[in-house]
Amino acid sequence: MEKKQGFFSALKDEVVRGLSPSRSRATSPARSGSPMSGLLRRKKRSNHAQLAALQPEPLIGRSGSLRPVMEGPDPDGGEIGESKRVGSGLGQWMRGQLSRAPSVSSVAQNNRRSDLRLLLGVMGAPLAPLHVSTSDPLPHLSIKDTPIETSSAQYILQQYTAASGGQKLQNSIKNAYAMGKVRMVASEFETATKVMKTRNATRSAESGGFVLWQMNPDMWYVELAVGGSKVHAGCNGKLVWRHTPWQGAHTAKGPVRPLRRALQGLDPRSTASMFADARCIGERKVNGEDCFILKLCADPLTLKARSEGPAEIIRHVLFGYFSQKTGLLVHMEDSHLTRIQSNGGDAVYWETTINSFLDDYRPVEGIMIAHSGRSVVTLFRFGEMAMSHTKTKMEEAWTIEEVAFNVPGLSMDCFIPPADLRSETIMSEACELPHDERGKGGGIAAAVHRAKVAALEKEHSANSDSMSWKMEI
């Protein structure tokens, strides 16, 4: 019995010393260290300190103020939003152990981050095709000397405005607030030779939420947090900016444009203004419901203002499907084509298509708001050479939890852009496009991880006026 006790005591001693991140061992096997009780006491105190440090700090402290959360990627590879903690040696030691050899968990984590970056970059805060102002009145219905496509579109918009709550009520709204939940997933990756789909899209989906503030004239701010990462964007009426953890804060090219997410059943007045110059091109059934189709194209001046360097926006088209039964917008299709010309190489084309389906319209203070919906995004890359195209498919589902209008206390100070803004080359049109898809390996996550995200970065040479471009991988 005494031998068994001695054996287990020695084993316990070895386990305690082996799990210690500091690895404090004597050089000799027959070391004369502290007694067992001292080692256990120190280990116990160390564990308590580490557990206390690993406990998340409360978002609201005793003073009632919000605890600041670190934005941007953790230099040590932590998730976005993690706070720096004292006594995180165990986490660093574990990362060091895992980095010695590749493991399935580390590869999956990297793929997850790459998927999340792609999802947020493309679906986080896309903009509408062109500039509109809520202060501009809607065009009056005119039949004389007006093409039938234009007059029909004006009539459909009048029906939409009436079904959404009426122009008088909409004009009384000075600001608005909306809060909702989202789920995003990269569901499919296709090359010329194979198609890879996410096996369990429900489990692979990233969940999060967003907050949207709007104020006249033409000011908005959105903050989207999904999977531990956060993207926020805004407009003060004069410029549009966006902040991502991987690019920082930057301004958008071209004229001020509304947020596309606001047009998805949250802002009827901006939606009607957006389609003011549209044409009615026909009818189609959407989910068994007869709809009128309005088509809107961005003008050449807007496309030119949004283009720069090797990236050129060739076209941007928006289709709106308005129910013939209710008059409300039930489907929206947004498609734009970008050409990227490399130095001495073939041009690469990117076509981004976003299909949004709006559902569950309910009145909020007399305004009809779509309280749920889903979007399907397709990134199609082609050009370079035959049979080299790739296609990435992503999906988003959202629900609206809260909506309020004319919120007291909301001022222009809430829409001030960040102080560290920098001029941007191309925003959502080209910066968030995947690059160098090869489609090898198993699963959509690995494919998108290798695809990465392409960003165009302008480099000014200090000794010359020449301008060079490079792809940020």
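A residue counts as buried when its relative accessible area is under 20%, as exposed when that area is over 50%, and as partly exposed in between. With that scale in mind, this report describes selected features of the structure, which is a predicted model.

**Aromatic rings**

By the cut-off used here, the count of aromatic pairs comes to six. One of them joins Phe275 and Phe322 in an edge-to-face arrangement, with 5.6 Å from centre to centre and 85° between the planes. The arrangement is called edge-to-face because planes over 60 degrees apart fall in that class. This pair links distant parts of the chain, since Phe275 lies in the loop between α9 and β8 (279-286), whereas Phe322 belongs to strand β10 (residues 311-323), and the two are 47 residues apart. Both Phe275 and Phe322 are buried. Together with Tyr160, Phe275 and Phe322 make up one aromatic cluster.

**Cavities**

A search of the whole structure finds five cavities of 30 Å³ or more, and the largest cavity holds about 320 Å³ of space. Its lining is made up of 25 residues, of which Thr134, Gln214, Asn216, Asp267 and Ser270 lie nearest the centre of the cavity. The elements that give two or more residues to this lining are β1 (175-190), β3 (206-215), β4 (219-226) and α9 (268-274). Helix α9 contributes the most, with three residues. Sorted by class, the lining of the largest cavity has 14 nonpolar, seven polar and four charged residues.

**Backbone features**

Asn216, one of the residues nearest the centre of the largest cavity, also takes part in a cis peptide bond, which runs from Asn216 to Pro217 and has an omega near -5°. Pro217 itself is found in the loop between β3 and β4.

Asp360 is found in strand β12 (residues 347-364), while Asn406 is placed in the loop between β14 (390-405) and α11 (444-451).

**Cysteines and accessibility**

A disulfide is a covalent bond between the sulfur atoms of two cysteines. In this model the count of disulfides comes to zero, where the rule asks for a pair of cysteine sulfur atoms within 2.5 Å. Cys291 has a relative accessible area of 0% and is therefore buried, whereas Cys297, with a relative accessible area of 41%, is partly exposed.

| Residue | Relative accessible area | Class |
|---|---|---|
| Cys291 | 0% | buried |
| Cys297 | 41% | partly exposed |
| Asp360 | 32% | partly exposed |
| Asn406 | 35% | partly exposed |

Asp360 counts as partly exposed because its relative accessible area is 32%, and Asn406 is placed in that class because its relative accessibility is 35%.

Definitions and conventions: Residues are numbered from 1 along each chain as its sequence is written. This is a predicted model: local features need pLDDT of at least 70, side-chain atom pairs count only at pLDDT 80 or more; totals for chains, interfaces and linings use all residues. Side-chain values use heavy atoms; hydrogens and water are left out. Buried means under 20% relative accessible area, exposed over 50%, partly exposed in between (1.4 Å probe, protein chains only). On a 1 Å grid over the protein atoms alone, a cavity is a set of points where a 1.4 Å probe fits but cannot get out, and a pocket is an open set with protein on both sides within 12 Å along at least five of seven lines; lining residues have an atom within 4 Å of a point. Grid points are joined across faces, edges and corners, and a volume is the space filled by probe spheres set on the points. Helices (H or I, at least four residues) and strands (E, at least two) are DSSP runs, numbered from the N terminus. Ala, Val, Leu, Ile, Met, Phe, Trp, Tyr, Cys and Pro count as nonpolar, Asp, Glu, Lys and Arg as charged, and the others, Gly among them, as polar. Rings of Phe, Tyr and Trp (its six-membered ring) pair if their centres lie within 6.5 Å; planes under 30 degrees apart count as stacked, over 60 as edge-to-face and the rest as tilted.
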